[in-house]
Amino acid sequence: MALAIAPSAADQPPSIALVQVEDVTVEDTWHVAGMAGTGSNTVVADRVIVPAHRTLDMGGVLAGAYATRHEGEPRNAVAVASMLALTVVAPMLGMARAALDLTLATSARKPMSLTFYERLADSPSVQLAVAASLVDTAQLHAYRAADDLDHAAAEARQLTVAERARIRMDTAVAATRSREAVDPLVSVSGASTFALTNPLQRIWRDLGTASRHGVVNPDLGREIYGRSLLGIAEQPTFII
């Protein structure tokens with residue numbers, strides 16, 4: 001699937017075009033510190049012609065208006081931009097939780113360097129660091145967004161712009177808090193965390209990269225939600 005923007009409609013949502021794999025080439029450009037496994041390379045389509053029946057209007061899709069014969073299916077009412085934002089956040093929640101689990105396991109058996117603590121877990125500073133408040137905060141915001149999507153689908157109705165704006169803000173908060181939750185956990189084990197054999201450093205790198213995805217930009221998320229609360233119809237992006 002490729003996004004196609006018509007030169008005459010640069011300020012409008014693009015179209016989604018279904019392109020045959022043999023019509024494109026892949027350039028090896030994804031050389032990154034984190035999320036290297038996604039293989040998000042550059043896909044090049046040069047003078048590819050796509051028939052109309054393999055295109056969709058992105059504006060309609062983002063609002064939950066799909067090209068389907070099954071109008072009675074509740075899930076077809078889900079606004080795809082809101083749903084996709086949650087799919088970006090979901091692995092971040094898992095990474096933050098995994099980082100906490102790894103730290104708890106390490107703290108139970110590893111002594112604290114240059115101190116008399118025989119276990120990291122015995123240190124009050126570590127006890128404070130493993131407090132899961134930010135992990136829980138991230139999950140609570142993501143689950144509220146998921147509830148909004150589920151309730152709208154169950155009622156077979158479209159989410160309002162205000163609801164979609166809050167979901168955009170919720171997903172941004174969840175991503176940011178997931179990243180912030182890992183920072184104190186990385187410090188618990190000290191420099192040994194950054195051994196390439198330690199899975200915690202990979203989580204740290206992956207979260208540092210994933211949480212900067214454009215769809216979970218925290219400042220933009222707050223701006224979108226703030227505009228909605230203030231009754232400002234114009235938004236800086238069509239991905240809401």
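**Helix packing and sheet in a predicted model**

Student: At what angle do helix α2 (residues 80–107) and α4 pack?

Tutor: The axes, lines fitted to C-alpha atoms over the stretch in contact, lie 10 Å apart for this pair. Angles run from 0 to 180 degrees between N-to-C directions. For α2 and α4 the angle is about 155°.

Student: How many helices and strands does the protein have?

Tutor: Helices (H or I, at least four residues) and strands (E, at least two) are DSSP runs, numbered from the N terminus. The elements run β-β-β-β-β-α-α-α-α-α-α-α from the N terminus on, and the C-alpha trace spans about 70 × 40 × 30 Å along its principal axes. The counts are 7 helices and 5 strands.

Student: Which residues of α4 meet α2?

Tutor: Contact here means heavy atoms within 4.5 Å. From α2, the residues Ser82, Met83, Leu86, Val89, Leu93, Ala96 and Arg97 take part. They meet Val135, Asp136, Ala138, Gln139, Ala142, Ala145, Ala146 and Leu149 of α4.

Student: How many nonpolar residues does the contact of α2 with α4 have?

Tutor: Ala, Val, Leu, Ile, Met, Phe, Trp, Tyr, Cys and Pro count as nonpolar, Asp, Glu, Lys and Arg as charged, and the others, Gly among them, as polar. The contact of α2 with α4 has 2 polar and 2 charged residues. Its nonpolar residues number 11.

Student: Are helix α5 (residues 161–189) and helix α7 (residues 218–229) roughly parallel or roughly antiparallel?

Tutor: The axes of α5 and α7 come within 8 Å and cross at roughly 155°. An angle over 145 degrees counts as roughly antiparallel, and one under 35 as roughly parallel. Therefore α5 and α7 are roughly antiparallel.

Student: Which residues of α7 make the contact with α5?

Tutor: On the α5 side the contact is made by Val161, Ala162, Ala165, Arg166, Arg168, Met169, Ala172 and Thr176. By class, the contact has 9 nonpolar, 3 polar and 3 charged residues. On the α7 side stand Pro218, Leu220, Gly221, Arg222, Ile224, Tyr225 and Ser228.

Student: Is Asp148 buried or exposed?

Tutor: Asp148 is in helix α4 and, leaving aside its neighbours within four places in sequence, is in contact with Leu159, Arg166 and Ile167. Buried means under 20% relative accessible area, exposed over 50%, and partly exposed in between (1.4 Å probe, protein chains only). Asp148 has 15% relative accessibility, so this residue counts as buried.

Student: How far is the C-alpha atom of Thr137 from that of Val173?

Tutor: Thr137 also lies in helix α4 (residues 133–154), and counts as partly exposed because its relative accessibility is 26%. Thr137 and Val173 are 36 residues apart along the chain. Their C-alpha atoms are separated by 8.5 Å.

Student: Which strands stand at the edges of the sheet?

Tutor: Two strands pair if DSSP finds at least two bridges between them. The open sheet has 3 strands in the order β1-β2-β5, with antiparallel pairing. Each edge strand has a single partner, so one side of each is left without a neighbour in the sheet: these are β1 (2–4) and β5 (55–57).

Key: Residues are numbered from 1 along each chain as its sequence is written. This is a predicted model: local features need pLDDT of at least 70, side-chain atom pairs count only at pLDDT 80 or more; totals for chains, interfaces and linings use all residues. Side-chain values use heavy atoms; hydrogens and water are left out. Angles under 35 degrees count as roughly parallel, over 145 as roughly antiparallel, 65 to 115 as roughly perpendicular and the rest as oblique.
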